[in-house]
Amino acid sequence: AQLVESGGGHVQPGGSLTLACEASGWNVNTYDLGWARQAPGKGLERVSEIKNDGTTYYANSVKGRFTISRDNAKNSVYLSMNNLQPEDTAKYHCSIVPSARGFGSGYDIWGEGIQVTVSS
């Protein structure tokens, strides 16, 4: 089983990107899915999560700009990012955890990550 992220890249400030993550080898119906990011020299920051019941969480820094969604039929989670700013530059990691455990329980599994760079 593996998490495969795609959709990263370089964008100018104010631009948009959509990240995708396929959870190959899982049936995500009983899992919570999420995204976190790590900027150079900084710790891992929770960005957004979506539970198997559709409940969502957003970090204050991305509220109103990012939207998380999931497609259980495709075992995938997406992060639509709008109005990107230089401070959004980071490596973005997809994550999955059994819904019965929850993020931060130690049962989280993380993808290798994909780079997002916002600059002019």
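The dialogue below walks through the strands, the sheet and the salt bridges of a predicted model.

Trainee: Before looking at any detail, how many helices and strands does the chain have?

Mentor: This is a predicted model, and in it the chain has zero helices and 11 strands.

Trainee: What radius of gyration does the chain have, and what would a compact globule with 120 residues have?

Mentor: A compact globule with 120 residues would have a radius of gyration near 14 Å, and the chain, at 13 Å, agrees with that. Along the principal axes, the C-alpha atoms fill a box of roughly 40 × 25 × 25 Å. Of the 120 residues, 42% count as buried, while the chain exposes about 6100 Å², of which carbon and sulfur atoms supply 45%. Among contacts with a separation of 6 or more, 56% come from residues 24 or more positions apart.

Trainee: Turning to the sheet, in what order do the four strands of the open sheet stand?

Mentor: The general idea is that strands of a sheet pair through backbone hydrogen bonds, either parallel or antiparallel. Here four strands form an open sheet in the order β1-β3-β8-β7, and the pairing is antiparallel. The edge strands are β1 and β7, each of which pairs on one side only, and the twist averages 15° from one strand to the next.

Trainee: How many bridges join β1 to β3, and which residue stands opposite Leu3?

Mentor: Strand β1, residues 2-6, is joined by five bridges to strand β3, residues 17-24, and Leu3 stands opposite Ala23 in β3.

Trainee: Which parts of the chain does the pair of Arg37 and Asp88 tie together?

Mentor: The side chains of Arg37 and Asp88 meet in a salt bridge at 2.9 Å, N to O. Arg37 lies in strand β4, residues 31-38, and Asp88 in the loop between β8 and β9, so the pair ties together parts that are 51 residues apart in sequence. Both of these residues are buried.

Trainee: Where does Arg65 lie, and is Arg65 buried or exposed?

Mentor: Arg65 forms a salt bridge with Asp88, the closest N and O atoms being 2.7 Å apart. Arg65 lies in the loop between β6 and β7, so that this pair, too, links distant parts of the chain, 23 residues apart. Arg65 counts as buried at 14% relative accessibility, and Asp88 counts as buried at 0%. Taken together, salt bridges that share partners join Arg37, Glu45, Arg65 and Asp88 into one network.

Notes: Residues are numbered from 1 along each chain as its sequence is written. This is a predicted model: local features need pLDDT of at least 70, side-chain atom pairs count only at pLDDT 80 or more; totals for chains, interfaces and linings use all residues. Side-chain values use heavy atoms; hydrogens and water are left out. Two strands pair if DSSP finds at least two bridges between them. Helices (H or I, at least four residues) and strands (E, at least two) are DSSP runs, numbered from the N terminus. A salt bridge is a side-chain nitrogen of Lys or Arg within 4 Å of a carboxyl oxygen of Asp or Glu. Buried means under 20% relative accessible area, exposed over 50%, partly exposed in between (1.4 Å probe, protein chains only). Axes are lines fitted to C-alpha atoms, for helices over the stretch in contact, and angles run from 0 to 180 degrees between N-to-C directions. The radius of gyration is taken over C-alpha atoms; the globule rule is 2.2 Å times the number of residues to the power 0.38. Contact means heavy atoms within 4.5 Å. Accessible areas come from the Shrake-Rupley method with a 1.4 Å probe; for residues, only the protein chains shown count as cover.
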